[in-house]
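Let's take a walk through this structure together. Keep the model open as you read, and find each residue as it comes up.

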Amino acid sequence: MMKPSFKTGLSFGLTSGVITTLGLMVGLHSGTHSRSVVIGGIVTIAIADAMSDALGIHVSEESKNSGPTRQIWEATVATFVAKFVIAMTFVAPVVTRPLDQAIVISVIWGLLLLAVLSFFVARAQAIPPWKVIAEHLLIALCVVAMTHTVGDWVQGLVEAE
């Protein structure tokens, strides 16, 4: 059985790692079509946003005034590690595949990670997994669609200059 502090950090880090990284990747790709920009964005997210999320979890857990300091730090470290590792997994397809394919592969990979996590969350809550999976995948797909649209919009602004 996993400690609640690790469960908090891992589930938050994985979810945030997938959603944030996919959103950034899709937006940067549609706005620039540049492999180096997409890779730079992923690595930046892996470091800066992982630290930001870890600090957010840390402060959130501290503000509850419950549980020992050790549990707060466990959740903090688990959040950072999960977010960093998950974000970095998206570099591989961008480096090894044509960029358009890499984006599709990354979206599929991210949705798969979210579906698996959602399945385990639903089972732990004893609710039908398909509802939780559908809800989480719908949110992720909305982020992907919105960031793609924003990337296209920004590219249009830049081209109009």
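Start inside helix α2, where Val 38, Gly 41, Ile 42, Ile 45, Ala 46, Asp 49, Ala 50, Asp 53, Ala 54, Ile 57, His 58 and Glu 61 are buried (under 20% relative accessible area with a 1.4 Å probe, protein chains only; over 50% is exposed, and in between is partly exposed). An α-helix has 3.6 residues a turn, so residues three or four places apart point the same way. The buried residues of α2 pack against α1 (4-32), α3 (69-89), α4 (91-96) and α5 (99-125).

A quick word on what you're looking at: this is a predicted model, where local features need pLDDT of at least 70, side-chain atom pairs need 80 or more, and totals for chains, interfaces and linings use all residues. Residues are numbered from 1 along each chain as its sequence is written, and side-chain values use heavy atoms, leaving out hydrogens and water.

Now look at α2 as a whole. It runs over residues 35-63, and its 29 residues reach 41 Å from first C-alpha to last, close to the 42 Å expected at 1.5 Å a residue (1.5 Å times one less than the number of residues). There's also a kink of about 30 degrees, centred on Ile 45 (the angle between axes fitted to the seven residues ending there and the seven starting there). After α2 comes Asn 65, with a positive phi near 55 degrees.

Zoom in on Glu 61, in helix α2. Glu 61 counts as buried because its relative accessibility is 16%. Leaving aside neighbours within four places in sequence, Glu 61 is in contact with Thr 8, Ser 66, Ile 72 and Ala 75 (heavy atoms within 4.5 Å).

Terms used
Helices (H or I, at least four residues) and strands (E, at least two) are DSSP runs, numbered from the N terminus.
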